[in-house]
Amino acid sequence: MAGVAEGTSVWNTPLSPRIFFDRSTGKSYAKVKCCVKQSRETGSRRLCWEVLDWNTKAISFYDRLGAQIKTSWRCVRLEGDALRDFEVSEEVQALGLPP
C-alpha cells in the first residue's frame, strides 16, 4: 500500500483490458493520456494498472510509455469462500462502514 509520504495514487484497473485491445489502433495511447490528465488534476503522484506477465506486447507498449513494471509487487485478492468466510470483528463494524 502507498504510504502518506508517497502521495496519492490513481489505480486504473477498469481501463486495463480496453487499453490492451485498443493498442494497435492508437486509442490506447489516447486513453493513457486521459488517465494521466486525471491523475494530474487529482494531485496524484502515480498512475497504476496491472499487466499479466505473459502479455509481452502490452509490457513492451507500457515500457515505451516510460512506465515502470514493478516485478516485486504481487496482486493480492481475497475472494470467493475466503472473502465470504472472513470474520469481521465488532471493532471493524464500529468504524461505521457499510455492511
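Guide: From the N terminus on, the elements run β-α-α-β-α-α-α, which comes to 5 helices and 2 strands. Helices (H or I, at least four residues) and strands (E, at least two) are DSSP runs, numbered from the N terminus. This is a predicted model, where local features need pLDDT of at least 70 and side-chain atom pairs count only at pLDDT 80 or more, while totals for chains, interfaces and linings use all residues. Residues are numbered from 1 along each chain as its sequence is written, and side-chain values use heavy atoms, leaving out hydrogens and water.

Visitor: Why is Y62 called buried?

Guide: Buried means under 20% relative accessible area, exposed over 50% and partly exposed in between (1.4 Å probe, protein chains only). Y62 has a relative accessible area of 2%, so Y62 is buried. W49 has 22% relative accessibility and therefore counts as partly exposed. Of the 99 residues of the protein, 17% count as buried.

Visitor: What makes W49 and Y62 an edge-to-face pair?

Guide: Rings of Phe, Tyr and Trp (its six-membered ring) pair if their centres lie within 6.5 Å; planes under 30 degrees apart count as stacked, over 60 as edge-to-face and the rest as tilted. The structure holds 2 aromatic pairs. In the pair of W49 and Y62, the centres are 5.1 Å apart and the planes make an angle of 70°, hence edge-to-face. W49 lies in the loop between β2 (46-48) and α3 (56-65) and Y62 in helix α3, so the pair ties together parts that are 13 residues apart in sequence. W49, F61 and Y62 form one aromatic cluster.

Visitor: How do you know that the buried residues of α3 share a side?

Guide: Those buried residues are A58, F61 and Y62. They cover an arc of only 95° around the axis, which puts them on the same side of α3; the arc is that of the directions from the helix axis to the C-beta atoms. The face turned away from this buried side carries the exposed residues T56, D63 and R64.

Visitor: And why is F86 called exposed?

Guide: F86 has a relative accessible area of 54%, so F86 passes the mark for exposed. F86 lies in the loop between α4 (80-85) and α5 (90-93).
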